[in-house]
Amino acid sequence: VMRAVAPLLNPGARVPICGYVSQYNAEDITKAETPFDILQKLDPLPEHRFFVVTEWMDRWVEATRLLGNWVSEGRIHYRESIGE
């Protein structure tokens with residue numbers, strides 16, 4: 001998807017990058033093409049940033065409380081699958 005969408009980005013686009021799940025099981029992750037590799041080929045280079053959950057650890061308790069309340073209130077819903 002990233003390869004298809006990247007050339008369509010408008011000048012000044014900002015691209016959030018969150019994981020790269022399709023490459024997690026690669027035999028050699030060091031040889032996998034990443035979103036950064038794809039974006040580096042563009043001119044102009046869009047602003048891009050990788051979001052890492054540990055960046056927000058100081059707000060984990062606050063977020064857990066808030067999201068838990070929203071689930072209880074029915075404001076957000078989730079599905080859960082457990083496999084063995």
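**Close-up views of a predicted model**

**View 1. A salt bridge joins the side chains of K31 and D28.** The N to O distance of this pair is 3.7 Å; a salt bridge here is a side-chain nitrogen of Lys or Arg within 4 Å of a carboxyl oxygen of Asp or Glu. K31 is exposed, at 68% relative accessible area, whereas D28 is partly exposed, at 32%. The model is predicted, so to speak of local features a pLDDT of at least 70 is needed, and side-chain atom pairs count only at pLDDT 80 or more, while totals for chains, interfaces and linings use all residues. Residues are numbered from 1 along each chain as its sequence is written, and side-chain values use heavy atoms, with hydrogens and water left out.

**View 2. E33 and R3 meet through their side chains in another salt bridge.** Here N and O are 2.6 Å apart. E33 sits in the loop between β1 and α2, and R3 in helix α1 (residues 2-5), so this pair ties together parts 30 residues apart in sequence. Helices (H or I, at least four residues) and strands (E, at least two) are DSSP runs, numbered from the N terminus.

**View 3. R75 and E73 form a salt bridge.** Their closest N and O atoms lie 3.6 Å apart, and both residues are exposed. Elsewhere, salt bridges with shared partners link R3, E33 and K41 into one network. The whole structure holds five salt bridges.

**View 4. Strand β1 has a covered face and an uncovered face.** Which residues of β1 (residues 14-17) belong to each face? V15 and I17 are on the covered one, while R14 and P16 are on the uncovered one. In a regular strand, side chains alternate between the two faces of the sheet. Strand β2 (residues 47-50) runs parallel to β1, and four bridges join the two; strands count as paired if DSSP finds at least two bridges between them.

**View 5. Seven residues make up the largest nonpolar core.** They are M2, A6, V15, I17, Y20, I38 and L39. A nonpolar core is a set of buried Ala, Val, Leu, Ile, Met, Phe, Trp, Tyr and Cys residues joined through side-chain atoms within 4.5 Å. Both β1 and α2 supply at least two residues each to this core. In soluble globular proteins, nonpolar side chains tend to be buried together. Take L39 as a guide: leaving aside residues up to four places away in sequence, L39 touches M2, A6, L9, V15, I17, L45, P46 and H48. Contact means heavy atoms within 4.5 Å.

**View 6. The loops on either side of α2 hold S22 and P44.** S22 belongs to the loop between β1 and α2 (35-40). At 55% relative accessible area, S22 is exposed. S22 and T34 are twelve residues apart along the chain, and their C-alpha atoms are separated by 9.8 Å. P44 belongs to the loop between α2 and β2. What kind of peptide bond joins D43 and P44? It is a cis bond, with omega about 5 degrees. Most peptide bonds, by contrast, are trans.

**View 7. L67, V71, I76 and Y78 form a nonpolar patch on the surface.** Together they have about 360 Å² of accessible area, calculated by the Shrake-Rupley method with a 1.4 Å probe, where for residues only the protein chains shown count as cover. Patches are made of residues with over 30% relative accessible area and no salt bridge: like charges are joined within 9 Å, and nonpolar side chains (Val, Leu, Ile, Met, Phe, Trp, Tyr) within 5 Å. L67 lies in helix α3 (residues 60-73) and is partly exposed, at 42%. V71 is also in α3, and is partly exposed at 33% relative accessibility. Not counting residues up to four places away in sequence, V71 touches I76 and Y78. Helix α3 holds G68 too; G68 is partly exposed, at 32%. From C-alpha to C-alpha, G68 and Y78 are 11 Å apart in space, and they are ten residues apart in sequence.

Definitions and conventions
Buried < 20%, exposed > 50% of the residue type's maximum accessible area, 1.4 Å probe, protein only.
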